[in-house]
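Have the sequence and the fold open side by side.

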Amino acid sequence: MSFSERLQKVMDEQGYTKYKVAKALHMSATTISNYLKNKTKPDTTKLEVMSRLLGVNRRWLLTGEGDKYRKVETATAETSKDLSVRDNDELTVRHLVEIVGKQASSLQARDEEVRKLMTMNEVLLGKLTILLEKLFEKL
């Protein structure tokens with residue numbers, strides 16, 4: 001089963017049309033149609049928000065692997081159909097803020113790793129310079 005088939009199946013199960021999904025996620029219906037026609041796939045952030053809205057595991061939605069439904073957020077999945085547009089906006093914003101926070105933490109960790117590698121690189125360059133100077137002295 002392809003991504004588009006899984007998306008359509010979950011939307012049908014949840015009673016969502018492409019228009020409802022598009023409105024809840026602040027996307028165009030054409031974008032959702034392109035997902036459903038397997039023309040394009042959502043980026044990571046859109047995929048995460050879409051999976052949260054539909055109450056399914058992001059990995060399952062994208063690949064078909066793993067558990068279909070989210071375990072922690074079943075209450076969100078069960079109530080999301082009853083939310084007003086304003087509630088959906090607030091829910092979407094909360095999810096996006098959470099995602100951005102996780103990405104910021106991940107970037108900070110990567111920055112620290114890059115700093116460590118740069119420091120190690122400087123030390124190695126210093127040692128290489130010393131070795132080259134000794135080699136040139138012998139020539």
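Asn38 has 40% relative accessibility, so this residue counts as partly exposed. The cut-offs matter here, because exposed means over 50% and buried means under 20%. Keep in mind that the model is predicted.

Asn38 sits in the loop between α3 and α4. Its phi is near 65°, a positive value in a residue other than glycine. Most residues other than glycine have a negative phi.

Is His26 buried or exposed? His26 counts as exposed, because its relative accessibility is 54%.

Next, the helix pair. Helix α1 covers residues 3-14, and helix α4 covers residues 44-54. Their axes come within 10 Å and cross at roughly 35°. Which residues make the contact? From α1 come Phe3, Leu7, Val10, Met11 and Gln14. From α4 come Leu47, Met50 and Leu54. Seven residues of this contact are nonpolar, one is polar and none is charged.

Last, the surface. Leu125, Leu128, Leu132, Leu135, Phe136 and Leu139 form a nonpolar patch there. Together they have about 650 Å² of accessible area. Take Leu125 as one of its members. Leu125 belongs to helix α7, which spans residues 85-138. Its relative accessibility is 45%, so Leu125 counts as partly exposed.

Note on methods
Residues numbered from 1 in each chain as written. Predicted model: local features only at pLDDT ≥ 70, side-chain atom pairs only at ≥ 80, totals over all residues. Heavy atoms only, no water. Axes fitted to C-alpha atoms, helices over the stretch in contact; angles between N-to-C directions. Helix = DSSP H or I, 4+ residues; strand = E, 2+ residues; numbered from the N terminus. Contact = heavy atoms within 4.5 Å. Nonpolar A, V, L, I, M, F, W, Y, C, P; charged D, E, K, R; others polar. Patch = residues over 30% accessible without salt bridge, like charges linked within 9 Å, V, L, I, M, F, W, Y side chains within 5 Å. Areas by Shrake-Rupley, 256 points an atom, 1.4 Å probe, with all protein chains shown as cover. Salt bridge = Lys/Arg side-chain N within 4 Å of Asp/Glu carboxyl O. Buried < 20%, exposed > 50% of the residue type's maximum accessible area, 1.4 Å probe, protein only.
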